[in-house]
Amino acid sequence: MTQTDTDTSTHSGDPTGGAPPPIVDRHFADRFLRAVDRPLDYGVVLLFNDWWAEAPQSAIDAYVGHLRQAPGADEFLAARHLPEPTKVEDLASCAAGTLGHGYHSFIVDNSLMANLGVDYRTFHDRLLAEGALDRLPDDLAYTIVRGFQIHDVLHTLTGFSPTRLGELAQAGFHFAQLQFPYHAMRFAVTTAHLAFVDPASITKAMDAMTDGWAMGRAAENTHFHRWEDEWDTPLDELRERFCVRPFASGA
């Protein structure tokens, strides 16, 4: 007697005996593979926006539930804090050793002034107006925009550089602290690219991501804080308050 004769589990979820429908929409899967092929050409920002039209509702609900259960989420989501972009000249006068000084140095030393001036709220509102994010829940929509706004601030806090490996480490930090669809997609794209395209980079990439993951797990949640109120606070004081042990090896 063969396995085919005895094993009925394959179609047990469908009384008609047909194969169950795919969970991951195949049009989206094609875009996912584009990102896996060349992550720098078709990045997670685009993939994140692509997902909502055909995303399983159960997955969307799980992400919303996880966000709302995080300590401090109620106040964060109610306030919808989204200030105007910070100007680099406003940070130049911050005293040495403060968050503002460290953030200014990070931006200037890495030629990231363009990042500082991005109005993410306007970008997000344009996508909404175009109908690109119709199934993106409001709480997740706000969180992604705020996350972009503070990304380089959190680089300053963690000490991870804006290099390829540093960004992977920072992604690990974000994912450990806030299990959000954007960060989950970043890990999915990265690990698939390593597996099928660039296995030579597995060790360095996984070390970077797990360094960030471990740091994020050990730290207090940094994603719900109003960092713009802390420009004059000593950076060491903030790291102690949030239990962040900065990474110093240049990743």
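The model is a predicted one, in which local features need pLDDT of at least 70 and side-chain atom pairs count only at pLDDT 80 or more, while totals for chains, interfaces and linings use all residues. Residues are numbered from 1 along each chain as its sequence is written, and side-chain values use heavy atoms, with hydrogens and water left out.

The secondary structure of the protein consists of 14 helices and 0 strands, where helices (H or I, at least four residues) and strands (E, at least two) are DSSP runs numbered from the N terminus. Along the sequence the pattern is accordingly written as α-α-α-α-α-α-α-α-α-α-α-α-α-α. When the box is taken along the principal axes, the C-alpha atoms of the protein fill roughly 80 × 40 × 35 Å. Of the 251 residues in the protein, 43% are buried, a term that means under 20% relative accessible area, whereas exposed means over 50% and partly exposed covers what lies in between (1.4 Å probe, protein chains only).

Contacts, defined as heavy atoms within 4.5 Å, were also examined by their separation along the chain. Among contacts between residues at least 6 apart in sequence, 72% join residues at least 24 apart. The protein exposes about 13,600 Å², of which carbon and sulfur atoms supply 54%; accessible areas come from the Shrake-Rupley method with a 1.4 Å probe, and for residues only the protein chains shown count as cover. There are 19 positive and 35 negative side chains, and the centres of the two sets lie 2 Å apart. In this count Lys and Arg are positive and Asp and Glu negative, with His and the chain ends not counted, and the place of a charge is taken as NZ of Lys, CZ of Arg, CG of Asp or CD of Glu.

Two packed helices are described by the angle between their axes and the distance between the axes. For helix α2 (residues 26–37) and helix α3 (residues 44–51), the axes come within 10 Å and cross at roughly 175 degrees; axes here are lines fitted to C-alpha atoms, for helices over the stretch in contact, and angles run from 0 to 180 degrees between N-to-C directions. Helices α2 and α3 are therefore roughly antiparallel to each other, given that angles under 35 degrees count as roughly parallel, over 145 as roughly antiparallel, 65 to 115 as roughly perpendicular and the rest as oblique. On the α2 side the contact is made by F28, R31, F32 and A35, and on the α3 side by L47, D50 and W51.

Within helix α3, D50 is buried, with a relative accessible area of 19%. Leaving aside neighbours within four places in sequence, D50 is in contact with F28, R31 and Y42. The C-alpha atoms of D50 and H193 are 143 residues apart along the chain and separated by 19 Å. V24 lies in the loop between α1 (3–6) and α2 and is partly exposed at 42% relative accessible area. Although V24 and W51 are 27 residues apart in sequence, their C-alpha atoms are 9.5 Å apart in space.

F180, in the loop between α11 (164–177) and α12 (181–196), is buried at 3% relative accessibility; apart from neighbours within four places in sequence, F180 is in contact with F48, Y63, L140, T143, I144 and F175. The C-alpha atoms of F180 and P21, which are 159 residues apart along the chain, are separated by 25 Å. R239, in helix α14, is buried with a relative accessible area of 14%, and, with neighbours within four places in sequence again left aside, R239 is in contact with T156, L157, G159, V244, R245 and P246.
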